[in-house]
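Student: Could we go through the salt bridges in this structure?
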Amino acid sequence: MTGSHVYQSLNRLGNWHMNMKELLESIGYHQAALALFQERNDAQGLAETWDLLGVTQFMNGHVQERAYACEQAITLFRQHSNQQGLISCLAMRGMSGASYLLFPALSSSASGDEAISAGEEALMIAHKIGWQIGEANALVYLGLSLGPRGELRRLR
């Protein structure tokens, strides 16, 4: 097994632990993968790891850590023209404000506006490249964020 496969395996284990609601274990695996990808200066591995770490931090309620991880992933996905990774991360970023799923009381209207913009960007890029699954994903997350704001009509 090559180094890259070992590091990706750490991320898969981290994702599995997240799905099992073992969030601290998940964060540990993703942080271990992150350190190894940083040593190798592997931008794609770093972007994917930051993205996964951001999702785990979101599920754990760590809003600021999630925002930081997401911004790192978005920057790397943009630099390396990974449109699908960018769309996925922007769509998730779209739920950083009030959402039907998690933490509606933890958001300000400013962070909510930024989040909606990220979700709308994800939708626009997915539509532009013809990635229907990405469009559907962005629409779901936008709906979850726009609903509590009473702005679902923006999706029309």
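Predicted model: local features only at pLDDT ≥ 70, side-chain atom pairs only at ≥ 80, totals over all residues.

Student: How many salt bridges does the structure hold?
Tutor: There are seven salt bridges, each a side-chain nitrogen of Lys or Arg within 4 Å of a carboxyl oxygen of Asp or Glu.

Student: What does Arg93 pair with?
Tutor: Its partner is Glu71, with the closest N and O atoms 2.9 Å apart. Arg93 belongs to helix H5 (residues 83–93) and Glu71 to helix H4 (residues 63–79), so the pair ties together parts that are 22 residues apart in sequence. Helices here are DSSP runs (H or I, at least four residues), numbered from the N terminus.

Student: Is Arg93 buried or exposed?
Tutor: Arg93 is buried, at 9% relative accessible area, whereas Glu71 is partly exposed at 34%. Buried means under 20%, exposed over 50% and partly exposed in between, using a 1.4 Å probe and protein chains only.

Student: Moving on, which residue does Glu120 bridge to?
Tutor: Glu120 pairs with Arg154, the closest N and O atoms lying 2.6 Å apart. Glu120 sits in helix H6 (residues 109–129) and Arg154 in the segment after helix H7 (132–146), 34 residues apart.

Student: What else does Arg154 contact through a salt bridge?
Tutor: Arg154 also bridges to Glu151, with a closest N and O distance of 2.7 Å. Through shared partners, salt bridges join Asp113, Glu120, Arg149, Glu151 and Arg154 into one network.

Methods: Residues numbered from 1 in each chain as written. Heavy atoms only, no water. Helix = DSSP H or I, 4+ residues; strand = E, 2+ residues; numbered from the N terminus.
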